[in-house]
Amino acid sequence: MMRKSMDCLKNIMGASRERKVTMVREKKGEATSVLQPACALRLRPEPAEQVPAEIVQTIERQDAPPGIQWGGLTDIGKIRDHNEDSFSLLSLVEKSLIAVADGMGGHDAGETASMMAVETLCREVSEGVEKGLDPQRLVEHSVHEANRAVKQEGARKNSNMGTTLCAALIVDDTAHIANVGDSRAYWIENGYISQITEDHSLVAKLVADGMLTKEEARNHPQSNMLYRSVGNDEMIKVDTFQVALKKGGSLLLCTDGLWGEVSDEEIRKVFAAGCDAKTSCATLVRMANENGGKENITAGVGRCGWH
């Protein structure tokens, strides 16, 4: 299997194509369509420095249809000695932005990369919203700017830092999503769960090629190997999506510390319980820790039509 994995890696390193997908049409028991992105290899290292274990932030929004209640939570997990995840929930008049990032690079580099990516993204989106820019192009452009900032900081510090970045800009009843790496966006509605984004990882490619099952991928020794990340190259490809938000549905953005420990079915059941956004985040993080907590854990939730 290891030889097949490396053969697959060689194959995907030669790929160079990007597709945009407008979402969503849910299918029972299936994730959304899989992309075939371009490649850049990045291996997540071990962290080293202690930072605060938990940050909790909740934003309530009922000022624009469908009326969204936001909650976010990040936790150090059970194994790591510091938290390299970052997230933000930003209210922009009648728009909202949610972003999660999972840094890598060792020592303080991962923390710096994820924080810089999220801060740059938020600044660029805020400025673009004020200018009335197209939301889909804006969130994609903002990820590119985050990549430029992290790449420059890595060069300045002579560091191999990088980060995942998954963001959703909510305008009216549409989520405009951009993603690089293996942090994920999910849409949960009417008892079904759909993975919107694709993981830019070796194991995800192996699953797509039928060489691994999803369960085998969870425990694969190369599960943390990314072939695309923010800060890896001067120019990166950004996957973009649009999701039609509906009353009663929920949008979840999370890092691999959550989805790697809590299955899609378990996530679905949490939202089926009908709790508010903050409680849903806390439940998901607790479950991830109970199931091992091997990575930092971050979740951002938007519940639509909440009253």
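Asparagine 158 follows helix α3 and has a positive phi, near 55 degrees. Helices (H or I, at least four residues) and strands (E, at least two) are DSSP runs, numbered from the N terminus. This is a predicted model, in which local features need pLDDT of at least 70 and side-chain atom pairs count only at pLDDT 80 or more, while totals for chains, interfaces and linings use all residues. Residues are numbered from 1 along each chain as its sequence is written, and side-chain values use heavy atoms, with hydrogens and water left out.

**Helix α3**

- Helix α3 covers residues 135-157, and its end C-alpha atoms are 33 Å apart; this agrees with the 33 Å that its 23 residues should span at 1.5 Å a residue. The expected span is 1.5 Å times one less than the number of residues.
- The N-terminal end of α3 is capped by aspartate 134, which places a side-chain oxygen 3.3 Å from the backbone nitrogen of glutamine 136.

**Strand β6 and its partners**

- In strand β6 (residues 95-104), 9 of the 10 residues are buried, that is, under 20% relative accessible area with a 1.4 Å probe, protein chains only.
- Strand β5 (residues 85-92) runs antiparallel to β6, with 8 bridges between them; two strands pair if DSSP finds at least two bridges. Leucine 89 has isoleucine 98 of β6 as its bridge partner.
- The β5–β6 hairpin has 2 residues between its strands, and valine 93 in the turn has a positive phi of about 60 degrees.
- Strand β8 (residues 165-171) is antiparallel to β6 and joined to it by 6 bridges; cysteine 166 in β8 is the bridge partner of valine 100.
- Strand β7 (residues 162-163) is also antiparallel to β6, through 2 bridges, and glycine 162 in β7 is the bridge partner of methionine 104.

Note on methods
Polar contact = N/O pair within 3.5 Å; in protein donor to acceptor, adjacent residues only side chain to side chain. Buried < 20%, exposed > 50% of the residue type's maximum accessible area, 1.4 Å probe, protein only.
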